[in-house]
Amino acid sequence: MDTIRVAVIGTGIIGQTLAARFVQAGHIVTMGTRNPQRDDLVELARRAGASLTSIEDAINSSEAVVWAINGSAMADAIPAYGQHLAGKVVIDATNNIGAPSMNSLSLITEHAPSAHAYRAFNSLGWENFANPRYGELNGDLLYTGPAGPAQAVAENLIESTGLRPIRVGDNDKAKIVDDFVALWFSLAIGQGMGRELGFKILTR
């Protein structure tokens, strides 16, 4: 895999896990936070093998940006940092539960129209990013976004976690990916199948 300079915005469990997996795959990872001087966050990034800096500096130093913050915070974050996202591969891994749209792709398009926006890393528990292996099979990750050169970057990052990328289509199909969030919660939590539940797409 080609080395990618990637910013992971967010220091929660999803951000931590993705950052660590990207580093393990050989990518250069900068974690972005509003509080880059906090000792606990500095240590968290160090354990992941990443550097820690401000959100703006993390975005500016990277070619791909993965948003892994609280979904409701995207309404403020994307307008604030949209100008820095121009021309970059931008992956929305957030879930704005209870909002009319669970994803923030329209915000990214509005405030960073030249960015290459993708919807990924939102439909599984972090456990699948840490370990996607099920016996002899690896799990799959559904995603949406434009075809073309930027797609290779998005798929590279997905493959860096060990998951197989399955493109559902352009971002007009993002709701299909978002519906898998409800399915995952219904099975993993509602039916008691556990947070390590994953998905595998099979064809003949």
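1. The lining of the second largest pocket divides by class into eight nonpolar, six polar and three charged residues. This pocket belongs to a predicted model, and about 320 Å³ of space lies in it. Of the 17 residues that line the second largest pocket, T33, R34, I55, I69 and A73 are the closest to its centre.

2. Which elements give two or more residues to the lining of the second largest pocket? They are β2 (28-33) and α4 (74-81), and of the two it is α4 that gives the most, with three residues.

3. Helix α4 also deserves a look for the residues it buries, which are M74, A77, I78 and Y81. Seen down the axis of α4, these buried residues fall within an arc of 90°, and they therefore line one face of the helix. As for their partners, the buried residues of α4 pack against α3 (55-60), β4 (64-67), β5 (89-92) and α5 (105-111).

4. The largest pocket has a volume of about 410 Å³, and of the 21 residues that line it, I14, A93, N95, N122 and L124 are the closest to its centre. Its lining comprises twelve nonpolar, eight polar and one charged residues. At least two residues of this lining are supplied by each of α1 (13-24) and α8 (174-190), and the largest share, three residues, comes from α8.

5. Turning to the interior, in soluble globular proteins nonpolar side chains tend to be buried together. Here the largest nonpolar core has 40 residues, of which V6, F22, V66, I91, F121, L141 and L157 touch the most other members. Helix α7 (residues 149-160) provides the largest share of this core, namely five residues. A second, separate core has 20 residues, including A58, I59, A77 and L85; A77 is also one of the buried residues of α4.

6. What does L141 contact once its neighbours within four places in sequence are left aside? The residues in contact with L141 are then A120, F121, S123, L124, F129, I158, L163, R164, P165 and I166. Among these contacts, F121 is, like L141 itself, one of the residues that touch the most other members of the largest nonpolar core, whereas L124 is among the residues closest to the centre of the largest pocket.

Definitions and conventions
Residues are numbered from 1 along each chain as its sequence is written. This is a predicted model: local features need pLDDT of at least 70, side-chain atom pairs count only at pLDDT 80 or more; totals for chains, interfaces and linings use all residues. Side-chain values use heavy atoms; hydrogens and water are left out. A nonpolar core is a set of buried Ala, Val, Leu, Ile, Met, Phe, Trp, Tyr and Cys residues joined through side-chain atoms within 4.5 Å. Buried means under 20% relative accessible area, exposed over 50%, partly exposed in between (1.4 Å probe, protein chains only). Helices (H or I, at least four residues) and strands (E, at least two) are DSSP runs, numbered from the N terminus. Contact means heavy atoms within 4.5 Å. On a 1 Å grid over the protein atoms alone, a cavity is a set of points where a 1.4 Å probe fits but cannot get out, and a pocket is an open set with protein on both sides within 12 Å along at least five of seven lines; lining residues have an atom within 4 Å of a point. Grid points are joined across faces, edges and corners, and a volume is the space filled by probe spheres set on the points. Ala, Val, Leu, Ile, Met, Phe, Trp, Tyr, Cys and Pro count as nonpolar, Asp, Glu, Lys and Arg as charged, and the others, Gly among them, as polar. The arc is that of the directions from the helix axis to the C-beta atoms.
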